[in-house]
Amino acid sequence: MPTIEVRFENLNVEAKAFSGSRALPSFVNFNRSLVEGLLNIFHLFPKNKKKLTILEEVSGILKPCRMTLVLGPPSSGKTTLMLALDGKLDPTLKTSGSVTYNGHTMKEFVPQSLAAYIRQHDLHIGEMTIRETLAYSARV
């Protein structure tokens, strides 16, 4: 079985998004965004989206044959980091920095062939302990 070392250096991810009450999905905000989008095509209305930094200057190494636990409070960028390492980030996000697999860049190496990122929306049985849940997942 091949081993993979993942290195990420100076990883930055930024998004442009609405803030405040404008970020809430509502009928008024939907229609307002629709009209602003049409006016933006003709450069009649400035874009009101603000730059939001999701990850800033993140660096690290994931050693082979080791389990890595990524912990942090909600909205701290854990999922964005994992998606960036897997090469599955939304193309509308602005990214910079480098991610290498055994010294090869993302263009030279296909991480999906040897690694998997499992989404965090799992169904768990509340009555099972952590040990029982992991044993069940290993069997399945």
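In which strand is the place of Glu 57? Glu 57 is located in strand 2, and the views below begin with the fold that contains this strand.

**View 1. Overall arrangement of the predicted protein chain.** The model is predicted, so local features require pLDDT of at least 70 and side-chain atom pairs count only at pLDDT 80 or more, while totals for chains, interfaces and linings use all residues. Residues are numbered from 1 along each chain as its sequence is written, and side-chain values use heavy atoms, with hydrogens and water left out. The protein chain contains three helices and four strands, and along the sequence these follow the pattern β-α-β-α-β-β-α. Helices (H or I, at least four residues) and strands (E, at least two) are DSSP runs numbered from the N terminus. Of the 140 residues in the protein chain, 20% are buried. Here, buried means under 20% relative accessible area, exposed means over 50%, and partly exposed lies in between, with a 1.4 Å probe and protein chains only.

**View 2. The largest nonpolar core.** This core has 12 residues in all: Ile 4, Val 6, Phe 8, Leu 11, Val 13, Leu 55, Leu 81, Ala 84, Leu 85, Val 99, Tyr 101 and Phe 109. Strand 1, helix 2 (78-86) and strand 3 each contribute at least two residues to the core. Strand 1 supplies the largest share, namely four residues. A nonpolar core is defined as a set of buried Ala, Val, Leu, Ile, Met, Phe, Trp, Tyr and Cys residues joined through side-chain atoms within 4.5 Å. In soluble globular proteins, nonpolar side chains tend to be buried together.

View 3. Lys 51 and Glu 14 form a salt bridge in which the closest N and O atoms are 3.9 Å apart. Because Lys 51 lies in strand 2 (residues 50-62) and Glu 14 in strand 1 (residues 6-17), the pair ties together parts that are 37 residues apart in sequence. Lys 51 counts as exposed at 57% relative accessibility, whereas Glu 14 is buried at 17%. A salt bridge requires a side-chain nitrogen of Lys or Arg within 4 Å of a carboxyl oxygen of Asp or Glu. By this rule, the count is five salt bridges.

View 4. The side chains of Glu 36 and Arg 32 meet in a salt bridge with an N to O distance of 3.4 Å. Glu 36 and Arg 32 are four residues apart in helix 1 (residues 27-41), so about one helical turn separates them. Glu 36 is buried, with 7% relative accessibility, while Arg 32 is partly exposed, with a relative accessible area of 42%. Elsewhere, salt bridges that share partners join Glu 5, Arg 7 and Lys 63 into one network. Within this group, the side chains of Arg 7 and Glu 5 form a salt bridge at 2.8 Å, N to O. Arg 7 counts as partly exposed, at 33% relative accessibility.

View 5. Lys 16, Lys 47, Lys 49 and Lys 94 form a positive surface patch. Patches are made of residues with over 30% relative accessible area and no salt bridge; like charges are joined within 9 Å, and nonpolar side chains (Val, Leu, Ile, Met, Phe, Trp, Tyr) within 5 Å. Lys and Arg count as positive and Asp and Glu as negative, without His and the chain ends; the place of a charge is NZ of Lys, CZ of Arg, CG of Asp or CD of Glu. Lys 94 is found in strand 3 (residues 94-101) and counts as exposed, at 58% relative accessibility. The C-alpha atoms of Lys 94 and Ala 15 are separated by 6.3 Å, although the two residues are 79 residues apart along the chain.

**View 6. Nonpolar patch on the surface.** Phe 30, Leu 34, Val 35, Leu 38, Leu 39, Ile 41, Phe 42, Leu 44 and Phe 45 form a nonpolar surface patch with about 920 Å² of accessible area together. Accessible areas come from the Shrake-Rupley method with a 1.4 Å probe, and for residues only the protein chains shown count as cover. Leu 39 lies in helix 1 and is partly exposed, with a relative accessible area of 30%.

View 7. Asn 10, a residue other than glycine, has a positive phi near 50°. Asn 10 is placed in strand 1 and is partly exposed, at 41% relative accessibility. Glu 57, also a residue other than glycine, has a positive phi near 50°, and its place is in strand 2.
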